[in-house]
Amino acid sequence: MHWNSPLSGQRKAAGKYTLGRLDFDEIVEFAQEADSLGVDSLLMGIGFHMPDPLPMLGALVRETKRVKFMLAYRPGLLSPTLFAQVINTVSWMSDGRISLNLVAGTSPAEQAYYGDYLAHDERYARSNEFLEILHRFWRNETPMNFEGEHYRLKDAQIGLGYKGGGRPEIYISGASEVAQQTAVDHGDCWLRYGDTPEGMREAAKNVLAQGGRVGTRMHVLARETREEALADLAAMMGDPDAEHRKRIADAVAATDSVAVKTTFQLAETAESDWISPMLYSGAVAYRGGPALCVVGSYGEVAAYLHEYKAAGISEFILSGWPTQEEMRIFYTRVLPLVRELERAGQPV
């Protein structure tokens, strides 16, 4: 059970983003509470509108003791040799508390900000070369020569290996077939945006059949009673930012990401913004793919997440509004109920 690290002070599901500032003390406080709550990993997201996760991760590993950090990064921003060198360095700084969430990119417009003009499938082809090189470094196959379409290395080597001689766990995001195959060939876990347990079971079957793990990225909103949860959800969706919603709609229309398009199409099929009695889709129009939200009482949310486990989903990256308070609720009130269901072998 992972959580998303906040890179802004977002408190509402439909309000404006907080841009143009970085309160790093707030992020340190958040990471330290995650450490004390037993969060498995904190996802450090990436995007032009956020601070870069790499320098923050380097500082946060020295401010925490146990929690891992899942670094989201895009092949193409750094050379694979430099990237391996950076990750190896962090592995020593953190005693191995790092994993990778490699993302091929969701927006051609945003990719162009960084001088990257590859189309969707070509970005995955580059990701496959990038990952092949990383694995060869971590297997100590150096000096390394590599001749690919996107990378060319000659006698490449790195003086500092990954601590302990291993490598970080690798999560591959995306909903396309090429993303799934990249996860199977080069990763440990395939990540995709949420759906109902039945929808996730269908989407995951090919990866599971090939021995891969499957995870999902969602929101949760859990309260003592369902009535309280629905009241808080209504408050968080209040006073929506229509201008921001239009910007998101324009971005979705221009994206080549199968993951993004799939989630918005799913949200459009929802009846009164509910895909199922437990799964709310109304925030997707404001917050994108991760914003599908499991809503209910502590027990209802725990039972619904347990249904995903029965569908083959073994890892969750969760968020909430406001995220630190929701993290505290989830790890102290909901997760213990999930563990009880697991211990009891509760059928679903």
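This is a predicted model: local features need pLDDT of at least 70, side-chain atom pairs count only at pLDDT 80 or more; totals for chains, interfaces and linings use all residues.
Residues are numbered from 1 along each chain as its sequence is written, and side-chain values use heavy atoms, without hydrogens and water. Local features need pLDDT of at least 70 and side-chain atom pairs pLDDT 80 or more, while totals for chains, interfaces and linings use all residues.

Helix α13 covers residues 323-344 and contains Thr 323; helices are DSSP runs of H or I with at least four residues, numbered from the N terminus. Thr 323 counts as buried because its relative accessibility is 12%, where buried means under 20% relative accessible area with a 1.4 Å probe and protein chains only.

Two side-chain pairs involve residues of this region.

| Pair | Type | Value |
|---|---|---|
| Thr 323 and Trp 3 | polar contact | 2.8 Å |
| Phe 330 and Tyr 331 | edge-to-face | 5.3 Å between centres, planes at 80° |

A polar contact is a pair of N or O atoms within 3.5 Å, one able to donate a hydrogen and the other to accept it. Rings of Phe, Tyr and Trp (its six-membered ring) pair if their centres lie within 6.5 Å, and planes over 60 degrees apart count as edge-to-face.

The whole structure has 11 aromatic pairs. Ring pairs also join Tyr 73, Phe 83, Phe 130 and Tyr 151 into a cluster. Phe 330 and Tyr 331 are both buried.

The largest nonpolar core has 104 residues, and Trp 3 and Phe 330 touch the most other members. Helix α13 gives the largest share of this core, 8 residues. Such a core is a set of buried Ala, Val, Leu, Ile, Met, Phe, Trp, Tyr and Cys residues joined through side-chain atoms within 4.5 Å.

Note on methods
Helices (H or I, at least four residues) and strands (E, at least two) are DSSP runs, numbered from the N terminus. Buried means under 20% relative accessible area, exposed over 50%, partly exposed in between (1.4 Å probe, protein chains only). A polar contact is a pair of N or O atoms within 3.5 Å; within protein, one must be able to donate a hydrogen and the other to accept it, and residues adjacent in sequence count only if both atoms are side-chain atoms. Rings of Phe, Tyr and Trp (its six-membered ring) pair if their centres lie within 6.5 Å; planes under 30 degrees apart count as stacked, over 60 as edge-to-face and the rest as tilted.
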